[in-house]
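Q: Hey, I'm new to this one. Could you walk me through it?

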Amino acid sequence: MKKVMVIALLMILTMGLFIGCGEKEEVLVMGFVPMRDGEQLIESVKPLEEMISREMGVKVEAFTAQNYVGVVEGLGSGAVDFGFIPPFAYVLANSESGARVAMTVLNAMGESSYRSQFLVGETSGINSFEDLRGKTLAFVDPSSTSGYLFPGAHLYSQGIDIEQDITYLYSGGHDQSLQLLMNGDVDVAVTFVDARDRYKEDFPEAMEKTRVLGYTEEIPNISVTLSHSMNEEMEERLTTALMRISETEEGASLLAELFNIHGFVLADDEDYEVIRETAKRMNVDLSDQ
Amino acid sequence: MKIYKSSIRRKRKRQLYYLIPAMVLWGFISWQINFSLIRLWRGIPHMFNLIGRMLQPDFSYILQVLPRLMETIEMAAVSSTLGVILGSLGALFVARNTAIHPIIPLLGNPFFTFLRTIPNLIWAAILVSIFSVGKFPGMIALTITATLITVKLLREYIETIPESVIKGVESVGATKIQTLRYGVLPMVFQQMAAVFFLVLEVNIRGATILGLVGAGGIGQILWRDLNHLRYDNLATLIILLFATILVIDLGSLWLRKGLKDLYIPAKTIPIFRLRQKVKWIVVFLLLIVGMTWLVNSLDITAERMILGLESGARMVLRMAQFEFSYAPRLVEGLMESLFIALFATVTGGVGALFLSYLTAYNTSPYPEVALFFKAVVNLLRTFPPIVVAIIFFRGVGPGPLAGAMALSIYTLGVMTKLYSEVIESTGENIQQGILITGAGKILSYRFGIVPHTFSNYISLLLYRFESNMRNSTILGVIGAGGIGTILANNIAWRNWERVGLLLAGVAILMMAVEKLSEKIRKKLV
């Protein structure tokens, strides 16, 4: 029995080594966290993985995650080398582990930012932010940049204290905010521009029955964030590779079709200062203990 | 002597025959989930960094979240009560020996099994899509789970009721209903209390994760703190939940003991009759109080409910139109979930075999050691697998490995708790029989207790495997691989045709797994 145990143990150990050895060659791990307010569901990042691998000459392993927490933690420990992550996640990763932003993604309009909208019922009689006092509002969820942080900060800037002047709830999704508004559960719903179009199959009457009360400030798009452990030379190679991909015809159309990426622009921390300020105004404690 | 030696040799050889394929299989599974000791080893410092941050709980935070905890307890209590009542009725309907017509169990059981395969997080996610965020969808999701668990447990119990009891009541001329009322129900009642507390614990745990999809309660705060990387607050919440579950555990133990001693014999027949009447009035009053409580705790209006049901019907209709072109993704996801669950079950199960030795009072070298490990095991089992997965995300990056490790730890905790309880309840003679030959405690464990309880162990392990299949679906929501990731994505994007196909796939696999484990269990006994 003892011998068997020894053999078994040895086998486990060698296996661990074998599997470990496979990773000795240089591999970049990439995490992709699609924004929930994007155009389509991004499931497979294989094409992007292949494009970057080919362009950089380094093996890239990519995965997608619906939530950013795992990727932010991975960036912090170096288990993930770079990621496409939402702006709020970048700010968290930066304050937690000194992750750097390299680029911002451009959207279909060629812009590096987007906005959220406040939707009200067509016949609600709400015509200004002042009219919101005493009304009910649906945010998306407390970690959503476009569905909570920016709209909330916008309300403050319009003189509405969200804790005192209105009642609010979290809907769980932009679609659900829209649904709450359509059903009359809330007076105002916050969604990205334009959720009514994206969910027209589910809510065909949304365009006629609701109207836009106002827009938030510009929110930076999804960011390309690097782990603090990535060196400058690799950063250079990565950014040029991404730039080149977006400039070739084949690469550009693939990026646009599959990932809703219409180009890249170099970015630095200052571009995301607006997120940090907004978060502070919304009482989200970003300081790392 | 010679015969003895060759017999020993043969036995060893046989063990080898089993062990080597098992090891190869384990190797294959490990490879499938990208297992790597080096990666784990390298990740350890990072993981400790995260655990270190969790070790600074902020107790003033408890007061802030107390109302939400009460909300969670209320959700769990209401839905458990409702679920146990509905489930008991359901169980009477589908149990083979009490069913009105033999066709009902034949159709009913697969139906309930199918519903049970859908994890409650998925129920909640779907219900939130219909009824929007709040306590109500969470409560319904928990009620569904509670009902289904009760149906399963009570049905199995009812089917073991000896025929003589039922026939005995029937022989005095009782109708079917009367047989149920006077023959079966009193026996079921005793079991219901135990089932209730079990379901309550399951639901309190469940209520914490339902917050992930916005189904109210403390889980919503937990999820927010996780998303803001506030691990100090997260740790506080986990401690709070741990304490709550402990209190419920103790409370249920005390109550069940109390109920057992409650039996007071009536002196005369009129007193007995009076007491019967009073009992019915009390039950009736309790029912009214319960109903008002239920209605009060709902945060939903009737119109909202109708709207929700309408969109729910639309959704179910779309779900029924499977998008078959999506099948390759389904298979891929299911395979990954299966491998994660297998890895976690085997790793946690083997670990539990060792840890149980230290945890059970009667095998542990010192009682203090047992006490210490009991605390450790309870801690392992309290940490929601989702949080453990995040810790592993930091060490090894997101993916199936992190999910598998998180589930392994959870399985280790639960398995050790259950198996050490089995060990503690084995007869002393089994251990003594080996000890008397001069063998030590370890040998008496290895050659006495383990072989004696091995079929129990395998049976527990099979249950763990089923539960891991369900849990690996939940872990997928945060990106730990498997079918859950795809499922969560498609629910979030309202691709109901795909959700329908995915759920059907999950159900078929789960039913196959359950059938298989039932077959193996039957063979063991």
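A: One term to start with: two residues are in contact if their C-beta atoms, placed from the backbone, lie within 7 Å. By that rule, ten residues of domain 1 of chain A are in contact with eleven residues of domain 2 of chain A. Keep in mind that this is a predicted model.

Q: OK, and which residues make up domain 1 and domain 2 of chain A?

A: The assignment gives 26-108 + 220-281 for domain 1 of chain A, and 116-217 for domain 2. Between the C-alpha centres of domain 1 and domain 2 of chain A there are 29 Å.

Q: Which helix gives the most to the side of domain 1 of chain A that touches domain 2?

A: That's α11(A), with five residues. Both α4 (87-97) and α11 (273-281) of chain A supply at least two residues each to that side of domain 1. Going by residue type, the side of domain 1 of chain A that touches domain 2 has six nonpolar, one polar and three charged residues.

Q: Switching topic: what is the mean pLDDT of chain A?

A: The mean is 84, and 87% of the residues of chain A reach 70 or more.

Q: And where in chain A is confidence lowest, and where highest?

A: Lowest is helix α1 (residues 2-21) of chain A, with a mean of 57, while strand β12 (residues 223-226) of chain A is highest at 94. For residues 20-24 of chain A, the pLDDT is below 50, and this stretch has five contacts in the model beyond near neighbours in sequence.

Q: Good to know. In what order do the six strands of the open sheet in chain A come?

A: In chain A the order is β2-β1-β3-β12-β4-β13, with mixed pairing. The edges are β2 (59-64) and β13 (264-266) of chain A; each has a single partner strand, so one side of each is left without a neighbour in the sheet. On average, neighbouring strands of this sheet are turned by 25° against each other, direction ignored.

Q: How many bridges join β1 to β3 in chain A?

A: Three, and strand β1 (residues 27-32) of chain A runs parallel to strand β3 (residues 82-85) of chain A. A:Phe32 sits opposite A:Phe84 in β3(A).

Q: Which strands of the sheet does helix α2 of chain A touch?

A: Helix α2 (residues 46-56) of chain A packs on the sheet against β1 and β2 of chain A, and its direction is at about 160° to that of β2(A). Then there's helix α3 (residues 69-77) of chain A, which lies across β1, β3 and β12 of chain A and runs at about 150° to β3(A).

Q: Let's zoom in on A:Ser77. Is A:Ser77 buried or exposed?

A: Buried: A:Ser77 has 23 C-beta neighbours inside 10 Å, and the cut-off for buried is 20 or more. A:Ser77 is in helix α3 of chain A.

Q: What is A:Ser77 in contact with, leaving aside neighbours within four places in sequence?

A: Residues of chain B: B:Gly43, B:His46, B:Arg394 and B:Gly395.

Conventions
Residues are numbered from 1 along each chain as its sequence is written. Chains are lettered from A and ligands numbered from 1 in the order in which they are written. This is a predicted model: local features need pLDDT of at least 70, side-chain atom pairs count only at pLDDT 80 or more; totals for chains, interfaces and linings use all residues. pLDDT is the predictor's confidence in each residue, from 0 to 100. Helices (H or I, at least four residues) and strands (E, at least two) are DSSP runs, numbered from the N terminus. Domain bounds come from an automatic or database domain assignment. Ala, Val, Leu, Ile, Met, Phe, Trp, Tyr, Cys and Pro count as nonpolar, Asp, Glu, Lys and Arg as charged, and the others, Gly among them, as polar. Two strands pair if DSSP finds at least two bridges between them. Axes are lines fitted to C-alpha atoms, for helices over the stretch in contact, and angles run from 0 to 180 degrees between N-to-C directions. A residue is buried if 20 or more other C-beta atoms lie within 10 Å of its own, exposed if 12 or fewer, and partly exposed in between; C-beta atoms are placed from the backbone.
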